[in-house]
Amino acid sequence: MTIEQNTSPPPVSNHHSAVTSCQTLLKQSPATSTGVYWIDPDGGSQANAFKAYCDMDTNAGGWTLVWSYSFTNYTHFNDDSNAITPRPNWPAKNEGNVPISTISPLNETDYNAMNFSLWKKLGRQFLIKSNINNWLMCQPVTGSLVDWQKGDVNCTITKYVADPGESASAPSKFSPYINYGPMFHSTCFTLIFPWDIFALIWAFLVTPKISAEEDRGMFFRIEENACLVDENALQSENAHSLLTCAQMCRRDASCKRANFLANKGTCSLFGEGQQAKKLERFEKRDGYFYVKKVVSPGISGPRGQSIPLHSGSTQHSAGHSCLTLLSKYPTLMSGVYWIDPDGGSQANAFKAYCDMETDGGGWTLVWSYSFTNYSHFTSKSNAITPRPNWPVRPEVDVPISTTPPSNETDYNAINFSLWKQLGRQVLIKSNVNNWLVCHSGNGSLVDWQEGDVNCKIIKLVIDSSISFSSAPSEFSPNRAYGPLFFLSTPWGSTSYYFDGFTGNHWPTHDPSGSNRPNQKKNVWQRHNQNTSSTPGSNQHSAVTSCQTLLKQSPATSTGVYWIDPDDGSRANAFKAYCDMDTDGGGWTLVWSYSFTNYNHFNDDSNAVTPIPNWLVTNTVNVPVSTTPPLNETDYNAINFSLWKQLGRQVLIKSNINNWLVCQPVTGSLVDWQNGDVNCKITKYVADRSESASAPSKFLPNTNYGPMFYSSGRWNSTFYYFNSYTAKNWPTHDPLGRNKPNQKKNVLDPHGNIFIRAK
């Protein structure tokens with residue numbers, strides 16, 4: 001479901017320049033394509049702006065997606081267990097039991113809903129799209145979905161999903177409170193009742209007396225302000241809702257139609273023969289409905305999801321485990337799925353990686369680890385890292401993880417308390433040791449119980465001449481600094497020892513089962529699975545900078561990598577964007593910024609935004625960021641204290657000014673030092689004839705931010721990073737005259753600063 005609106009500010013790709021709606025964006029930039037953009041419906045501080053999906057194509061475009069939903073039991077569509085899921089946080093009866101979402105959906109199969117209180121701020125015209133029903137565009141008259149107001153609406157069909165010959169005209173009325181959700185209907189309009197039509201929201205709880213074959217084809221139609229005379233009723237009973245009345249007819253195979261009189265709370269069931277008769281005296285009174293069983297219109301199947309609903313594709317369809325999912329859907333491939341091991345509320349469901357191929361598949365990845373010193377494997381400094389939060393001695397010093405790993409080189413671990421809920425059979429994979437599958441005996445890893453286990457080798461990573469012919473048969477949970485699998489005696493026949501202490505012992509991975517360093521040697525990326533990765537591809541292989549990474553791996557392409565500028569514990573490593581192409585590459589992106597008022601560039605209200613946490617006067621009023629930017633339009637900044645650890649050579653890129661590479665001489669941006677710099681132009685954004693030579697001086701704190709200039713500060717400025725929206729403006733002048741000579745009419749004006757060593 002999507003909503004359209006009628007207002008207009010500036011185009012956007014970040015929260016600092018968010019617009020009020022998708023329609024606003026389309027009016028501002030008519031060539032904008034369908035996709036995700038930042039919006040701020042209340043139009044106030046952009047601190048509460050968020051990403052939303054904009055449909056820029058359907059019916060002239062400008063639609064903001066407010067809700068994407070699926071079904072709990074589409075295959076048995078008219079079963080009581082079927083309902084839409086999730087639902088928005090609109091007012092509804094307490095009996096509604098599907099999950100509520102207030103998370104903005106980012107595509108049409110991201111099943112979530114924007115906070116309902118924001119819908120009316122986006123507009124009152126709405127578009128309803130479904131791949132199992134015709135599309136509608138509705139204007140409010142006296143009724144309104146976003147105002148939760150009962151009354152007339154003016155709807156048109158914008159796309160036929162069903163055959164036009166099997167489609168009625170569009171609905172003309174909206175009712176917000178029909179049992180468990182709103183509905184769109186007509187005065188005597190035939191609706192296929194109840195579950196999906198026009199985004200109709202219902203939850204059903206009956207067990208039919210009819211056969212499964214009949215059940216699959218059973219739907220209902222509703223006519224408001226019409227009923228049958230009840231002289232020949234099969235039976236009449238109390239019913240608190242239209243839903244209950246339909247359930248009663250559905251349970252009784254002889255019932256073909258029914259009357260529901262809401263003002264009396266009665267339901268009358270009828271067999272064959274009677275005809276509906278319009279009762280004019282009820283026309284202006286609410287709650288009189290005629291219900292009739294009809295044949296299914298032949299819906300072929302939902303195309304809004306790529307895999308079945310209960311296959312772990314969303315949080316609300318989480319499976320108990322990967323094995324549960326594979327058992328239900330044998331064609332599922334390895335990948336990330338939602339699981340809920342405790343089987344309760346899906347509020348605590350999470351994404352997990354499922355191996356659907358190894359040894360029959362159905363394996364849930366609970367731990368991915370690497371080593372602290374693989375190159376010196378038997379050194380006391382070598383241990384597995386990170387470790388799960390299992391019980392071990394206090395000396396164990398490697399990091400603990402309770403974050404589910406999303407792939408086999410995402411070094412993390414699911415909370416150990418959940419492992420036993422996933423099963424007791426264990427698969428151990430490593431690219432430095434043979435793979436094992438172990439069944440619990442009286443010993444068990446997941447139960448942390450010492451004793452016998454029944455293991456088999458399922459893949460030889462090491463040549464069979466080195467590998468021991470028998471798999472381990474014993475498990476011990478806490479020998480020194482971690483659990484181990486061995487054959488007879490713990491230290492004489494160990495195959496796997498998960499040592500987590502970097503001050504004693506080492507993590508045996510011995511295919512010969514003799515507790516020796518017989519692990520596979522010279523493996524590029526050492527971990528517990530069978531693929532390899534490059535430096536910087538995860539936290540535990542973080543490099544000190546993008547330049548370091550390029551030197552180690554010259555073929556590395558531009559992208560996001562893990563870095564650790566202080567080169568200490570990888571616990572404080574983070575992801576950063578690396579430009580591996582410009583001027584030799586190896587640049588670490590430290591700042592991406594935009595402008596507060598680009599369209600009035602030399603107005604006092606214009607400034608760069610956000611700014612790094614560098615030293616400036618207290619009057620500076622734009623947001624400060626210490627979050628690493630992950631691309632050139634992710635407007636954020638790495639903590640300024642880290643810049644000098646990345647180098648002192650600076651690359652300034654902008655799409656409204658020429659690009660510069662500057663070497664420090666006596667002046668330095670990263671050292672915040674006034675003085676000379678040696679700059680060159682690496683790319684002309686402005687015409688060469690309208691560009692001067694590069695600046696030669698740097699000043700760290702001119703009023704409200706640093707500047708690059710040539711002689712006199714205010715008459716030869718190329719870049720001035722003004723960050724105060726009440727005075728001055730952020731010069732980006734390719735002529736170096738401190739004038740508004742920046743490139744004009746740029747859709748997404750921005751700039752970036754990168755750092756590398758000389």
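Pro730 sits in the loop that links strands β39 (717-720) and β40 (751-756), where strands (E, at least two residues) and helices (H or I, at least four residues) are DSSP runs numbered from the N terminus. The structure is a predicted model, in which local features need pLDDT of at least 70 and side-chain atom pairs count only at pLDDT 80 or more, while totals for chains, interfaces and linings use all residues. Residues are numbered from 1 along each chain as its sequence is written, and side-chain values use heavy atoms, with hydrogens and water left out.

With a relative accessible area of 0%, Pro730 is buried; the word means under 20% relative accessible area, against over 50% for exposed and in between for partly exposed (1.4 Å probe, protein chains only). Apart from its neighbours within four places in sequence, Pro730 is in contact (heavy atoms within 4.5 Å) with Phe595, Phe601, Asn606, Ala607, Val608, Tyr720 and Asn722. Met707 is 23 residues from Pro730 along the chain, and the C-alpha atoms of these two residues are separated by 9.3 Å.

Asp564 is placed in the loop between β30 (559-563) and β31 (574-579), and Asp564 counts as buried, at 0% relative accessibility. Once neighbours within four places in sequence are set aside, the contacts of Asp564 are Ala542, Val543, Thr544, Ser569, Arg570, Asn572 and Ala573.

Now to the strands. An open sheet is formed by three strands in the order β19-β20-β21, with antiparallel pairing. The edges are taken by β19 and β21 (363-364), each of which has a single partner strand, so one side of each has no neighbour in the sheet. Strands are said to pair if DSSP finds at least two bridges between them. Five bridges connect β19 with β20 (residues 350-355) in the antiparallel sense, and Ile339 stands opposite Phe350 in β20. Between β20 and β21, also antiparallel, there are two bridges, and Cys354 stands opposite Thr364 in β21. Four of the five residues of β19 (residues 335-339) are buried, so this strand is largely enclosed by the rest of the structure.

Strand β2 (residues 35-39) also has four of its five residues buried, so it is largely enclosed by the rest of the structure. Its antiparallel pairing with β3 (residues 50-55) runs over five bridges, and Tyr53 in β3 is the bridge partner of Val36.

For the protein as a whole, there are eight helices and 40 strands, and 56% of the 758 residues are buried.
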